[in-house]
Every structure is written in C-alpha cells, then in structure tokens.
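Please look over the sequence and the structure before reading on.

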Amino acid sequence: RPKSWGAPITWEQADPFNSLRSGVADHHILQLGLIVLLSYLPEAAQYSCLFLYLQQVIKFSPDDVATFIAVIGVLSVTFLSLILAFLYNCVGHKTTMVIGLSFQVLQLLWFGLGLRKWMMWCWGGLAAACSICYRAI
C-alpha cells in the first residue's frame, strides 16, 4: 500500500455494524430507523410501477416521463444537499427523520389519490422531499 494514501483503515472504521451498535444505544433512533427500513416496502412497489402508471393511467407521453424523471432527480439532489444540511443544523437528526417520514406519508397518500397530471407533478416534489428520510439515518 503506497504511503501517499494516508493512514490505513482500521477494522473499527470498516465495521458495517458499528453504526448499528450506536443506533441500538438510543431507543428512539432505533425505532425511527426500523420505521424507515419498513417504509422501503411500499415505496419500492410504488417506484417499480410508476412509469407504467404515468403512461397508462395518467396519460404521460414518453417525453413527459423523461422530463418528470429529470426534474425529480434535480429536486432530490437539491433536497439532499441543501435542505438536509439545513434541517440537521436547525432541528437535529431525530426531528429530521420524523420530517422525512412525514413527507413520505404525504407522498404515499398523494400518489394513491392523484389522478391528474398536475397532481403527479406535485407528488414528484413530495417524493423528492422524502428522499431526506433515508439519508437522515
């Protein structure tokens, strides 16, 4: 290993269960982490059928779907880089996780009830906002 790489990484730093041990120490963080983990299930199903739903039910054209993906991607990056850091500094990690989960509840409700194009664009904004939930862990 070249010396220019710096100090070697220890096993404690590379241990994937180290953050799990620290999360178990705080019951509230463990509970929120479990909620976030279980929230992956409905969202995974939602994203797997999203593009078909947008084209077949909402009548998005292929160009609309591509634009939708691009806009939501840019919004997600914005939320993850700017809003997440702001929330960490202002309200802390636990409250940021709760805010992310709240956005996720709104997102799932809006997706289930939205039947128009403008409603799907609003849903995309909520989907981008709830992307902070996973990074907050």
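Met119 is buried, because its relative accessible area is 16%; buried means under 20% relative accessible area, exposed over 50%, and partly exposed in between (1.4 Å probe, protein chains only). The model is predicted: local features need pLDDT of at least 70, side-chain atom pairs count only at pLDDT 80 or more, and totals for chains, interfaces and linings use all residues. Residues are numbered from 1 along each chain as its sequence is written, and side-chain values use heavy atoms, with hydrogens and water left out.

Met119 belongs to helix 6. Helices are DSSP runs (H or I, at least four residues), numbered from the N terminus. Not counting residues up to four places away in sequence, Met119 touches Trp110, Leu113 and Gly114, where contact means heavy atoms within 4.5 Å. Leu32 is 87 residues from Met119 along the chain, and the C-alpha atoms of the two are separated by 29 Å.

## Helix 4 and what follows

Helix 4 covers residues 62–91, which makes 30 residues. At 1.5 Å a residue it should span 44 Å, and its end C-alpha atoms are 40 Å apart, which agrees. The expected span is 1.5 Å times one less than the number of residues. At Phe79, helix 4 bends by about 35°; the bend is the angle between axes fitted to the seven residues ending there and the seven starting there.

The buried residues of helix 4 are Val65, Phe68, Ile72, Ser76, Phe79, Leu84 and Leu87. An α-helix has 3.6 residues a turn, so residues three or four places apart point the same way.

Just after helix 4, Gly92 has a positive phi of about 95°. The backbone oxygen of Gly92 is reached at 2.5 Å by the side chain of Thr96. This is a polar contact, a pair of N or O atoms within 3.5 Å; within protein, one must be able to donate a hydrogen and the other to accept it, and residues adjacent in sequence count only if both atoms are side-chain atoms. Thr96 sits in helix 5 (residues 93–113) and counts as buried at 0% relative accessibility.

## Ser131

Where is Ser131 placed? It lies in the loop between helix 6 (117–129) and helix 7 (132–135). With 13% relative accessibility, Ser131 counts as buried. A polar atom of its side chain lies 2.5 Å from the backbone oxygen of Ala128. Leaving aside neighbours within four places in sequence, Ser131 is in contact with Ser76, Phe79 and Leu80.

## Aromatic pairs

The structure holds seven aromatic pairs. Rings of Phe, Tyr and Trp (its six-membered ring) pair if their centres lie within 6.5 Å; planes under 30 degrees apart count as stacked, over 60 as edge-to-face and the rest as tilted. Two of the pairs are listed here.

| Pair | Centre distance | Plane angle | Class |
|---|---|---|---|
| Phe68 and Trp121 | 5.1 Å | 65° | edge-to-face |
| Phe111 and Trp123 | 5.1 Å | 45° | tilted |

Phe68 in helix 4 and Trp121 in helix 6 are 53 residues apart, and their pair links distant parts of the chain. Phe68 counts as buried at 2% relative accessibility, whereas Trp121, at 32%, counts as partly exposed. Phe111 lies in helix 5 and Trp123 in helix 6, so their pair ties together parts that are 12 residues apart in sequence. Both Phe111 and Trp123 are buried. Ring pairs link Tyr53, Phe60, Phe68, Phe111, Trp121 and Trp123 into a cluster.

How values were computed
Helix = DSSP H or I, 4+ residues; strand = E, 2+ residues; numbered from the N terminus.
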